[in-house]
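Visitor: Could you take me in for a close look at one part of this model, and then show me how the rest of it reads from there? I'd like the details, told plainly.

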Amino acid sequence: MSSNDKYDRQVRIWGPHGQTKLQNARVLLLGCDPVGVETLKNLVLPGIGYVVIVDSKVVTESDIENNFFIPHDTIGQSRAKVVLEYLLEMNQDVKGEWHQVENFDVKEQHYDLIIANEQRFSETKFNLIELQTYGLVGRMRLYSPKCHIIETKPMNQKYDLRIFNPFQELKEYFDSIEFEGDVDYLSHIPYIVILYKALQKYHKEKGKYPSTFSEKHKDFKQVILSLCEGLEYQYTGNFYEAIDNIDQAFNSENWKNSLESIEIEQDVNEDQYFVLISALRQFVQIHGAPPLGKAFPDMKCFTQTYVHLKNTLYGTKVEKDFQAFQALCQNKVDDETIRLFIENIQDLKSITYRTIQQELQQPNEVEDYDNDCYIWYILLRSVNEFYNTNNRWPTQEKGDTQQLQEIVDKQCRLVNVDSIPETHVIEICRYEGAKLHMIASVLGGMASQEAVKLITNQFVPINNTLIYNGLKSEASIFEF
Amino acid sequence: MNYNYPNIRILMVGVGGIGCEILKIVSKFTFQEFHIIDMDTIEVSNLNRQFLFRLEHRGQSKSLVAAETMKNMAPQLKIIAHFAAINSPGYTMDFFRQFDAVIMALDNAETRSYVNKVCQALGIFIVDAGSMGFKGQANAYYQGTVCYDCYPIATTQKQYPACTIRSQPSNCTHCVIWAKYLFTQLFSGEVGILEVEGFDKSQPNSVFNKFFKGEEMPNSIDIVEHELIKKYHFAERKETLEELQGMWFYAYDELNHLGQLQYDKDDDLHVLFIYASTALRCRNFKIEQYDYQQIKSISGNIIHAIASTNSIVAALEIQRLLSFIENHDKAKYYQDLNAASYVQTGKKERILTLKAAGPNPLCNSCFHNQIYSKVDFQVVKVVDLVNQLKNYLNSEINIVSLSRIIWDDEDEDDNSAIRDKKLNELFKLDLDNRLVIKSIEEKFLAVFWLQHLAGQAEIQFASTKISDKLLKFKNPLQHKKKERVRTQQEIKELKETEVMPIKNPEKFQTAAQKSTEILIDEEPIEQAEQNKKVELVID
Ligand SMILES: [Zn+2]
């Protein structure tokens with residue numbers, strides 16, 4: 001058995017190419033607070049390549065109390081060393097090094113990710129996850145200098161079925177289907193045909209296509225139902241399948257938004273991603289639509305019909321489009337990547353992150369927040385400022401609460417918030433900088449998921465801050 | 001912030017991925033006793049998330065190794081480990097009674113449902129968590145709140161024991177899962193539950209004989225003369241054995257040459273192999289086979305667990321437990337209890353805690369009518385027990401055990417076969433026997449817990465706080481009249497508003513609640529059955 005056996009399960013989530021990226025990745029951990037160690041643990045278990053741990057402190061009683069990964073017989077030893085040894089023991093495949101130093105120059109080597117869990121840390125050269133837990137509250141901040149994702153893996157896969165804009169052969173097929181015949185025939189008409197016919201009927205009756213949400217999900221739905229009038233309910237499964245998939249009829253335009261938002265940089269020839277984007281723009285100009293992907297959903301119909309649709313009609317078009325697109329890429333991209341790109345055209349995503357410096361100077365205002373997470377964010381900024389001034393965390397002493405309240409008021413003005421409930425200010429004073437493993441476990445779990453996204457370049461990482469409120473078990477994302 | 005609970009006794013069921021994370025979180029806590037129970041042993045594929053175990057522990061008991069490891073990390077925790085199944089002899093209601101709360105750290109629906117039933121009957125607080133890929137969920141259940149079994153919609157995803165898949169398939173889904181393992185173990189080089197040794201991988205005949213020929217199968221298949229078939233095209237009829245072999249040998253040879261592969265249900269060649277393997281295995285075990293589309297769809301729906309999500313849901317679960325222990329205004333606490341936390345909702349809110357619907361009045365796991373009795377099974381006759389029970393309930397009844405009617409006052413003939421038998425001929429002595437009683441006049445339903453107690457010849461009943469409510473219980477059968485067919489859209493809306501107040505519940509919530517190991521969408525036929533259950537209008 002190879003050592004890869006134990007990664008069997010996760011590989012099915014991010015694929016062998018994702019696993020390879022993980023196994024080649026170098027990760028730097030700055031500071032050994034529970035949340036940082038927790039994050040790293042969740043990367044060591046799935047087999048991250050190499051870890052570098054930097055921490056200036058030695059193990060104290062309080063580390064033993066709040067950090068599972070620091071054994072009780074290690075007091076006085078370097079935190080970085082103790083943590084590294086414990087983590088590497090969990091997975092023999094992972095290698096690493098530790099440094100007990102005050103100032104560590106991160107720019108000397110390359111890192112695929114930096115995890116920082118001391119106070120605010122700013123760095124713009126590498127992927128960065130910055131973490132803080134404070135009592136029952138937690139904060140995670142992501143930054144990436146360059147974030148273009150092909151494999152976004154959306155929760156609901158969008159299929160490009162060309163129902164709205166069928167290519168020639170498909171249109172001929174759609175038009176050849178009659179809605180007359182016995183029950184067996186009617187109940188096996190594929191839903192894509194039903195959606196196409198309903199669109200035509202809708203257009204004929206109203207002189208336009210449905211465009212608003214209510215037109216699509218109320219009026220258009222009625223048109224679909226009118227196509228199966230008189231058919232007994234148990235034979236209308238395919239028509240209800242059409243209703244469930246109404247959105248698929250209007251999917252064809254998805255790619256436009258994502259394509260327009262992507263700016264091509266100067267070094268277009270050096271980066272496969274920009275070669276693909278520029279090829280896509282040319283392709284759309286010539287063909288009026290992007291190359292067709294091979295993903296084809298299951299649908300109620302005769303297997304024979306399904307095979308004909310998938311292999312003959314759509315399949316032929318997929319191959320034709322692939323070859324045309326491949327030509328536009330001028331041998332700068334390998335076929336496997338081209339195919340991956342075509343499959344994901346509907347869901348491409350690019351993120352431009354605000355830097356930590358920008359956020360510290362002026363966070364974006366949030367208007368419609370409906371939970372406490374935004375309040376906790378302002379309070380975390382406030383206690384951090386308190387720490388910078390006093391070199392300790394605020395306590396429940398009257399002097400501290402007053403001083404903190406002044407900082408809070410100042411932070412509120414910065415983001416245009418009137419005031420913060422006094423109860424919350426009192427609550428955060430109660431924490432006195434406590435770091436709980438229970439909160440670290442949640443935040444570290446989420447942080448390692450974002451880490452996997454940044455390292456494998458799959459799924460869409462958050463942009464840019466997540467606040468976890470342990471009092472109510474809720475977490476929200478903000479772009480600060 | 002200290003977590004010392006010298007009077008609290010906890011039972012954790014399951015010491016897998018979530019269980020390890022829970023032990024990590026409570027490692028700094030103090031309880032009176034912390035029991036852990038698991039019947040499983042450690043496998044290599046556990047190691048990427050069950051971090052209390054090391055390679056050298058392979059084959060040892062999860063609960064015993066975890067307890068040993070924790071002795072060093074958390075000497076104050078007083079862990080007591082049980083290497084057993086939670087529903088095995090010795091772990092009856094009397095075992096459960098000693099605990100204040102139960103933590104479910106399980107990977108399958110059956111055990112969750114079992115633990116839920118027992119704890120509902122005894123009034124023990126439960127926290128539960130589940131994960132699936134990046135998504136997960138944490139819940140708390142208590143008497144009078146929504147329980148694990150209340151909304152069976154969640155059971156559209158199931159876990160299957162490895163031995164069923166390996167050697168005793170009873171439906172086509174089992175065969176698809178088996179075929180999927182065959183694929184990943186042969187072509188992806190992954191570890192799995194099948195034995196992939198004792199054949200020559202470069203010889204297709206040798207591989208075929210290993211997996212489809214053998215005395216242990218009801219119908220061993222020999223290699224016959226066949227022509228290779230490159231594409232599935234049998235729409236109108238079942239393929240012949242020659243044709244299936246034609247597909248299998250073609251697909252095997254191609255895939256074997258391609259090397260390291262990840263299964264892709266949109267790749268026809270991959271599906272061809274899964275289809276042919278499934279169909280052949282169905283014939284091996286004389287099982288009715290699904291069609292190509294269904295097999296393809298099932299093969300694409302197996303989802304797996306990762307460490308990070310376990311770490312999140314375990315912490316959410318413990319937060320639930322702590323707020324239960326620390327909240328002294330219990331009555332108010334229970335009111336707010338019907339809330340579930342969801343992880344990775346795909347929206348701005350990454351973790352959401354929402355109030356769920358109230359208990360389902362049709363759910364027989366949590367309704368109030370629970371009756372208990374301990375008698376000597378070797379002495380008491382069925383007819384005596386039933387007569388006294390009818391007397392106690394003042395009603396004609398029928399009794400159901402494990403979905404089988406064992407007594408029916410409307411059918412004297414059937415009763416005659418068992419009336420004079422001793423209870424031990426029907427029930428096990430060392431387990432809780434859980435029976436469902438229905439009054440003939442449809443006045444009530446009740447759960448009857450029957451246990452053996454040597455020397456107890458006299459029949460006595462106890463019912464919890466509910467005896468006075470017994471006959472006032474709202475007849476659940478009346479609800480049936482309102483049954484009507486709902487559209488898929490309406491069911492979706494229903495799920496969102498009443499049961500699962502969350503977008504995309506079908507993919508996310510159902511599985512998250514249930515299982516972490518092998519998850520799979522049930523076949524469409526059964527799914528329709530499942531949907532029917534929520535079609536009842538509950539008001
Ligand atoms: Zn229930």
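**A salt bridge and its surroundings**

Guide: Let's start with a pair of side chains: A:Lys41 and B:Glu21 meet in a salt bridge, at 2.7 Å from N to O. This is a predicted model, so take that distance as a computed one. The pair crosses between chains: A:Lys41 sits in helix H2 (residues 34-44) of chain A, and B:Glu21 sits in helix H1 (residues 17-26) of chain B. As background, side chains of opposite charge can pair when their charged atoms come close. Search the whole structure and you find 36 salt bridges over all chains.

Now to a helix pair in chain A. Helix H11 (residues 272-287) of chain A packs with helix H13 (residues 335-343) of chain A at an angle of about 55°, and their axes are 11 Å apart. Angles from 65 to 115 degrees would count as roughly perpendicular and those under 35 as roughly parallel, so H11(A) and H13(A) are oblique to each other. The crossing of H11(A) and H13(A) is right-handed. On the H11(A) side, the residues that meet the partner are A:Gln272, A:Leu276, A:Ile277 and A:Leu280; on the H13(A) side they are A:Thr337, A:Ile338 and A:Phe341. Sorted by class, that contact has five nonpolar residues, two polar ones and no charged ones.

Stay with H13 for a moment, and look at the loop between helix H12 (303-328) and H13 of chain A, where A:Asn331 is found. A:Asn331 has a positive phi of about 60°, although it is not a glycine. The peptide bond from A:Asn463 to A:Asn464 is cis, with omega near -5°. For context, most residues other than glycine have a negative phi, and most peptide bonds are trans.

The model scores ipTM 0.80 and pTM 0.75. Chain B has a mean pLDDT of 77, with 78% of its residues at 70 or more. Over residues 153-157 of chain B, pLDDT stays under 50, and the model has 23 contacts beyond four places in sequence for them. Over residues 465-539 of chain B, pLDDT also stays under 50, and here the model has 188 such contacts beyond four places in sequence. Where pLDDT is low, the predicted coordinates should not be read in detail.

Definitions and conventions: Residues numbered from 1 in each chain as written. Chains lettered and ligands numbered in written order. Predicted model: local features only at pLDDT ≥ 70, side-chain atom pairs only at ≥ 80, totals over all residues. Heavy atoms only, no water. pLDDT = per-residue confidence, 0-100. Contact = heavy atoms within 4.5 Å. Axes fitted to C-alpha atoms, helices over the stretch in contact; angles between N-to-C directions. Helix = DSSP H or I, 4+ residues; strand = E, 2+ residues; numbered from the N terminus. Parallel < 35°, antiparallel > 145°, perpendicular 65-115°, else oblique. Left-handed = near helix turned anticlockwise from the far one by under 90°. Nonpolar A, V, L, I, M, F, W, Y, C, P; charged D, E, K, R; others polar. Salt bridge = Lys/Arg side-chain N within 4 Å of Asp/Glu carboxyl O.
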